[in-house]
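Please read the report below with the sequence and the structure open beside it. It moves from single residues to the sheet and then to the core.

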Amino acid sequence: MASTVKNLFHDNKRPTAAPVKGDDQSQKGENQEKIIMTTEDEILTADDDFDFVSHYGDTVEEQGDDLLPDNTAGSAISCGFIGVGGGGGKMAKAFIDVGFNKSVLVNTTEKDQPNGVDANHFLLIPGADGVGKDVVLGQKVLTENSTVVEDALKNRIGNIDWLFVLAGGGGGTGSACTALHGSFERYMKSSGAAGNVVYIVSAPSAQELLNPTIKKNYKALVKDIADHPHIILDNERQLQLLRGKVGVLNMFPLANKSFAKMLAQVFRLAGASSPIQAFDTKDLERCLREPGRIFLGTTVVTDPTTTGLGSKIYQQSIKNSPCPTPPNSVSVGSLLLCVTEEMASDPAISNHMESAVAYVGGRSDALFSGIYIRNGLPGLVAIVLLGGLN
Ligand SMILES: Nc1nc2c(ncn2[C@@H]2O[C@H](COP(=O)(O)OP(=O)(O)OP(=O)(O)O)[C@@H](O)[C@H]2O)c(=O)[nH]1
Ligand SMILES: [Mg+2]
């Protein structure tokens with residue numbers, strides 16, 4: 001066979017064979033003497049040889065796979081964020097803005113990506129320019145590209161313990177985010193993560209829910225995340241809190257920012273020390289690990305000398321929360337109180353804080369609490385975190 005090829009080449013006055021760099025077979029063996037060396041310019045380069053591959057198959061754009069810089073936000077847990085779809089990406093941007101650099105925004109189109117985010121946070125899934133609210137198509141596209149996402153998480157986010165998946169419920173891409181769950185799990189396992197995947201999804205506004213496709217997509221997403229720890233952000237509640245205060249252009253960015261800051265504060269406090277009582281990393285992890293829904297709410301009590309502090313904190317936090325109302329009894333609860341030094345030295349306020357902890361404790365099977373001293377507060381700041389809700 002080798003001689004046939006040789007003869008053919010000879011007939012065409014072409015070299016018998018050119019040595020291939022690094023290919024030992026061309027240097028030795030029985031046919032070694034038959035190899036006629038050619039001048040450099042006659043040797044086909046790999047570029048020419050393989051240029052046909054780009055003609056077939058998808059062109060995968062170079063998206064960069066550099067490790068993102070460390071989070072600058074102080075946090076008890078090491079964590080990363082992945083935003084899926086337009087809304088998910090915008091929510092993830094809010095976390096980047098508060099210092100969680102370990103965030104990747106995955107989308108099926110470039111068109112609904114937020115401005116002001118560095119290119120190395122984006123991961124564009126090729127092959128579909130958006131999925132037009134079609135959750136089945138969203139699942140197909142994400143499933144087909146699950147390794148691309150897994151690699152991006154490994155290469156860009158690196159080793160973390162907790163992964164927060166952000167998505168806008170109702171959209172075709174965001175509502176399909178659990179199609180990537182296997183990739184999230186594999187990535188977490190390979191990086192030796194001690195934590196879990198936690199979903200943070202928005203519920204469509206009342207107006208949006210009138211649309212049957214949006215409603216169906218959202219319902220499918222809620223079912224898919226039910227057994228995983230997850231937070232639901234009710235857009236109707238979020239927008240209600242902002243209507244009349246800001247224009248429509250700023251509503252979502254402000255809602256996203258406020259929520260990111262609230263969650264970031266919980267992560268920060270869990271890593272902070274307290275001369276009174278600390279809510280530590282293990283307490284936080286216990287709340288985040290519990291399967292089912294997680295509730296997060298906050299309130300400021302400008303006059304903490306009043307009685308009934310516990311019910312005031314609990315009721316106000318629920319009323320002003322972006323999350324749907326929790327049931328009366330929950331499996332794990334946390335109450336974080338931030339007070340000024342002056343408040344902490346007041347015996348009456350101290351008694352009220354104690355009864356507030358007891359009040360929340362009476363509504364959960366396990367209660368974790370922390371009291372922190374901070375200066376310049378507008379009043380007593382309380383944060384309520386409840387986990388394992390049905
Ligand atoms: N909380 C919050 N919700 C948002 C935001 N942007 C969009 N949403 C909600 O998310 C829902 C889904 O919209 P998108 O996230 O744009 O949809 P998508 O996931 O990109 O899906 P397709 O565009 O169909 O591929 C919307 O109906 C809104 O209710 C945001 O910045 N914050
Ligand atoms: Mg979209």
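Lysine 133 counts as partly exposed, because 17 C-beta neighbours lie inside 10 Å and this class falls between the cut-offs of 12 or fewer for exposed and 20 or more for buried. This is a predicted model. The place of lysine 133 is the loop between strand 3 and helix 4 (135-144). Although lysine 133 is not a glycine, its phi is positive, at about 65 degrees.

Proline 327 also sits in a loop, the one between helix 11 (309-320) and strand 8. Is proline 327 buried or exposed? Proline 327 has 11 other C-beta atoms within 10 Å, so it is exposed. Not counting residues up to four places away in sequence, proline 327 touches Leu389 and Asn390. From C-alpha to C-alpha, proline 327 and leucine 389 are 7.2 Å apart in space, while 62 residues separate them in sequence.

Leucine 389 leads on to the sheet, as leucine 389 in strand 10 is the bridge partner of arginine 293. Strand 7 (residues 292-301) and strand 10 (residues 380-389) pair in the antiparallel sense over eight bridges. The whole sheet is open and has 10 strands, in the order 3-2-1-4-5-6-7-10-8-9, with mixed pairing. Its edge strands, strand 3 (122-124) and strand 9 (364-373), each pair on one side only. From one strand to the next, the twist averages 20 degrees. Two helices that pack on this sheet are set out here.

| Helix | Strands touched | Angle between directions |
|---|---|---|
| Helix 5 (residues 146-157) | strand 1 (79-84), strand 2 (103-107), strand 3 | about 160 degrees with strand 2 |
| Helix 13 (residues 347-361) | strand 8 (330-339), strand 9, strand 10 | about 155 degrees with strand 9 |

In soluble globular proteins, nonpolar side chains tend to be buried together. Here the largest nonpolar core has 98 residues, and Ile82, Val165, Leu166 and Ile200 touch the most other members. Which helix gives the most to this core? Helix 9 (residues 248-270) does, with 10 residues. The core lies between domain 2 (79-265) and domain 3 (276-389), because both domains give residues to it.

Leaving aside its neighbours within four places in sequence, leucine 166 is in contact with Phe81, Ile82, Gly83, Val84, Gly88, Met91, Ala92 and Ile200. Of these contacts, Ile82 and Ile200 are named again among the core residues that touch the most other members.

Terms used. Residues numbered from 1 in each chain as written. Chains lettered and ligands numbered in written order. Predicted model: local features only at pLDDT ≥ 70, side-chain atom pairs only at ≥ 80, totals over all residues. Core = buried A, V, L, I, M, F, W, Y, C linked by C-beta atoms within 7 Å. Helix = DSSP H or I, 4+ residues; strand = E, 2+ residues; numbered from the N terminus. Domains from an automatic or database assignment. Contact = placed C-beta atoms within 7 Å. Pairing = 2+ DSSP bridges. Axes fitted to C-alpha atoms, helices over the stretch in contact; angles between N-to-C directions.
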